[in-house]
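The sequence and model are shown first.

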Amino acid sequence: GMCSLPPRSGAPPEGAVGAGASERAREGRRLVAQGAKITLNLPRAAFRSGRGRGGSIEGELEDVLDVAVKGCLERRRFIERLGANRENPLWNLLGRPDPAPLLSMEDTTFTIGVLGLNECVKYLTGSDLHLDPAARRLGLDLVRAIDRKLRREEKSLGIRLVLEETANVGPLRVLEKRDREKFPQMAEIDRGRHPEWGPTFTDGVRLHRMAPVDPLRRVEELAPYLRHVEPAGGIVEDFPELRSAAGDLLLSLLEECLPLVAT
């Protein structure tokens, strides 16, 4: 579907607790962990938004976000049950009252990932993000709407929700494969692209890696999203020409990028 809980290559599944709980920081003696990550397939949301009368991408995203948040709540309840009493495996981590539990569910984040914004927008507008100001505005409007919805749910449900990019790597690439089998609308995304562009769905809210856009402008395109979305990996993307560049060139690029992403 439009939501997935993919395993990381060589690591426990995202959302696993105990051996798989990802420690992000320590607040005093308590851990801050990620309880689950559910990724939204934005191109599929666009394909499905045209079904029936009155369909819209905003309505489709509202529906799929309801499902994603429900999944996070179910995962939270499952984790809580694992620490509910001494017989359960996470008692020492979650439930032990004295000393205080190492991990509080109040300190556990639940992440909503976004994948393929560029392809979602191309299907809806006919243009990739880097080609058209209207496409860029729509992309940012959609991400802002997702973030607003998550902040409302966070406040009303008492759950910490983080919006984050998802990279189109590993098992997640099956989403595009399935969409090609199910949705003839994929032809609209492929229109005008060269075969050497490779995998269609882009990482999170990024431009396509094969788009003819220089690294600095890519950071400029990314910067408005950083008020709403946690980036996957670095702000400056990894390209072979940057790896081979002189150190002073890379330093100069980073210096130019900093004012763009400072908040």
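## Helix packing in a predicted model

L242 is found in helix α9 (residues 240–243), where helices (H or I, at least four residues) and strands (E, at least two) are DSSP runs numbered from the N terminus. The model is predicted: local features need pLDDT of at least 70 and side-chain atom pairs count only at pLDDT 80 or more, while totals for chains, interfaces and linings use all residues. Residues are numbered from 1 along each chain as its sequence is written, and side-chain values use heavy atoms, with hydrogens and water left out.

L242 counts as buried at 13% relative accessibility; buried means under 20% relative accessible area, exposed over 50%, and partly exposed in between (1.4 Å probe, protein chains only). Leaving aside residues up to four places away in sequence, L242 touches P215, V236, E237, L250 and L253, contact meaning heavy atoms within 4.5 Å. Between L242 and P215 there are 8.8 Å in space, C-alpha to C-alpha, and the two are 27 residues apart in sequence.

For the chain as a whole, there are 10 helices and five strands. Of its 263 residues, 43% count as buried. Among contacts with a separation of 6 or more, 69% come from residues 24 or more positions apart.

### Helix pairs

Two packed helices are described by the angle between their axes and the distance between the axes. Axes are lines fitted to C-alpha atoms, for helices over the stretch in contact, and angles run from 0 to 180 degrees between N-to-C directions.

| Helix pair | Axis distance | Angle |
|---|---|---|
| α8 (residues 215–222) and α10 (residues 247–261) | within 9 Å | roughly 15 degrees |
| α4 (residues 117–125) and α5 (residues 133–157) | 10 Å | about 120 degrees |
| α2 (residues 57–82) and α5 | within 10 Å | roughly 40 degrees |

Angles under 35 degrees count as roughly parallel, over 145 as roughly antiparallel, 65 to 115 as roughly perpendicular and the rest as oblique. A crossing is left-handed if the near helix is turned anticlockwise from the far one by less than a right angle, and right-handed if clockwise.

With axes crossing at roughly 15 degrees, α8 and α10 are therefore roughly parallel to each other. The crossing of α8 past α10 is right-handed. P215, L216, V219 and E220 of α8 meet L253, E256, C257, L260 and V261 of α10. This contact of α8 with α10 has seven nonpolar, no polar and two charged residues, where Ala, Val, Leu, Ile, Met, Phe, Trp, Tyr, Cys and Pro count as nonpolar, Asp, Glu, Lys and Arg as charged, and the others, Gly among them, as polar.

α4 and α5 pack at about 120 degrees, which makes α4 oblique to α5. α4 also passes α5 in a right-handed crossing. On the α4 side the contact involves L117, C120, V121, L124 and T125, which meet A135, L138, G139, L142 and V143 in α5. By class, the α4 contact with α5 holds eight nonpolar, two polar and no charged residues.

α2 passes α5 in a right-handed crossing. Residues making this contact include L61, L65 and R76 of α2 and L142, I146 and L157 of α5. The contact of α2 with α5 divides into nine nonpolar, no polar and seven charged residues.

### Cysteines

A disulfide is a covalent bond between the sulfur atoms of two cysteines. Here it is taken as a pair of cysteine sulfur atoms within 2.5 Å, and the count comes to zero disulfides. C72 counts as buried at 0% relative accessibility, and C120 counts as buried at 1%.
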